[in-house]
Amino acid sequence: MARQQILRAFKFTLAPSLAQESELRRYAGASRWAFNHALAAKVAAHELWRSKVAALVETGVEEAAARRQIKVAVPTKPTVHKAWIAARGDSRTGEDGACPWWHEVNTYCFQSAFLDADAAWKNWLAWVQGGRTGRRVGYPVFKKRGRSRDSFRIHHNVTKPGIRLTSHRRLRIPKLGEIRLHDSGKRLARLIGRGDAVVQSVTVLRGGLRWYASVLCKVTVELPERPTRRQAAAGLVGVDLGVTHLMALSQPVDFGAGPVELVDNPRHLLAISRRLHRAQQALSRTQPGSGRREKAKQRVAHLHNKVAVRRAGFLHTLTKRLATGFHTVAVEDLNVTGMTSSARGTVKRPGRQVRQKAGLNRAILDAAFGEIRRQLAYKTSWYGAKLVVIDRWFPSSKTCSACGKQNPRMTLADRVFTCSCGLVLNRDMNAARNIAIQALPIPALGRGTVASDRGET
Ligand SMILES: [Zn+2]
């Protein structure tokens with residue numbers, strides 16, 4: 001065991017008063033304003049650079065050379081912050097400016113939004129310059145009220161913590177005051193009391209009609225340096241994420257209701273998902289600008305949030321069990337998942353009937369895959385296990401997990417993998433076993449261990 005500090009977020013559902021709720025909206029508005037303000041400064045610098053390059057090209061310089069020659073600094077947080085202080089004005093003294101109401105809101109609300117704009121810009125730049133693999137990162141967009149998520153983040157001086165739990169049911173945020181919590185903050189309060197957790201910041205966000213606070217803490221934990229004997233004995237598990245089944249596993253795992261190799265989305269999640277689908281249809285039938293549309297919109301947002309909350313709880317159970325139960329967890333590269341075409345369809349274009357069977361909304365599934373990967377990454381490190389990400393260059397759903405032979409005749413409709421060697425296995429389970437085999441240091445060993453499954457139906 002080694003004592004280590006990790007960052008951990010504690011999530012609470014807030015129960016703000018009506019007055020507090022309008023304050024929260026105002027803070028979210030200030031954060032949006034600050035993000036847009038910082039982004040506008042970056043966009044302006046970028047435009048200036050572009051026009052200077054264009055002017056130089058006019059004079060006969062080659063484009064690539066002109067791009068290298070022209071330098072325009074894109075302002076980052078320190079510059080933006082300084083300029084903002086100089087130009088913001090102050091409604092208390094009647095001084096005119098860009099943001100004279102700034103003193104009504106916690107100042108950290110602006111600062112963290114400036115930082116977020118930096119991050120958005122950096123991500124886009126990294127993608128353009130090819131330093132970042134993965135999903136395409138678009139040019140940063142301005143946040144729009146009603147379109148972007150309402151949220152803001154507040155920091156504090158950790159030596160004089162202003163963000164704190166004043167009781168198990170109350171969270172104090174500087175300048176905003178004490179907000180009641182729906183759920184208990186007992187666990188966090190205890191950790192703080194023992195000196196095992198130090199609050200770093202709080203992010204407040206709206207999901208549907210509810211407001212949540214995510215309190216980010218530096219937590220001191222005892223991290224195992226190596227897997228337990230039980231984990232070592234269980235070895236490696238391959239996880240295939242898919243549309244028909246949320247997860248297929250290379251070996252049975254007990255999540256509380258007996259060992260399973262296929263994990264489906266729970267019934268209650270499917271039920272809400274269907275309600276969400278109907279609410280979305282109802283929304284599309286309303287007239288723009290009507291009162292009914294507003295109502296329908298609220299309902300969609302509310303259900304969206306409900307799905308997200310329930311799904312999060314469900315996924316935590318799955319990922320914790322995998323991270324604590326095995327020496328190594330192997331998953332496929334998310335990117336590659338998006339491009340692989342198989343019976344399950346691709347992430348972008350799932351097979352038609354498959355999607356109906358799955359019954360879960362596209363966007364929800366996409367988010368679930370990303371979330372599972374994210375949770376597995378940090379939980380495996382917490383519990384002394386290892387996460388192996390497989391670059392799926394081989395057609396895992398067309399390859400036999402027992403003998404390694406390929407079966408090119410597998411079609412989109414085939415739910416069962418059959419091989420001339422005698423293997424008969426659920427297609428997703430076969431894929432999960434292939435993922436496990438890919439993660440083994442010696443592939444030949446893997447083939448041997450699953451060969452006993454021949455003939456299984
Ligand atoms: Zn075979």
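Student: Which residues of helix 1 meet helix 4, and which residues of helix 4 do they meet?

Tutor: This is a predicted model, in which local features need pLDDT of at least 70, side-chain atom pairs count only at pLDDT 80 or more, and totals for chains, interfaces and linings use all residues. Residues are numbered from 1 along each chain as its sequence is written. Contact requires C-beta atoms, placed from the backbone, within 7 Å, and helices (H or I, at least four residues) and strands (E, at least two) are DSSP runs numbered from the N terminus. From helix 1, Tyr27, Ala30, Ser31, Ala34, Phe35, Ala38, Leu39 and Lys42 meet Cys109, Phe110, Ala113, Phe114, Asp116, Ala117 and Trp121 of helix 4.

Student: Is helix 1 parallel or oblique to helix 4?

Tutor: The axes (lines fitted to C-alpha atoms, for helices over the stretch in contact; angles run from 0 to 180 degrees between N-to-C directions) of helix 1 (residues 18–58) and helix 4 (residues 107–128) come within 8 Å and cross at roughly 45 degrees. Angles under 35 degrees count as roughly parallel, over 145 as roughly antiparallel, 65 to 115 as roughly perpendicular and the rest as oblique. Helix 1 is therefore, relative to helix 4, oblique.

Student: Which strands stand at the edges of the sheet?

Tutor: Seven strands form an open antiparallel sheet in the order 2-6-7-1-5-4-3, where pairing requires at least two DSSP bridges. Each edge strand has a single partner, so one side is left without a neighbour in the sheet; these are strand 2 (151–155) and strand 3 (164–167).

Student: Which residue of strand 6 is the bridge partner of Arg153?

Tutor: Strand 2 and strand 6 (residues 197–207) pair in the antiparallel sense over five bridges. The partner of Arg153 in strand 6 is Thr203.

Key. Contact = placed C-beta atoms within 7 Å.
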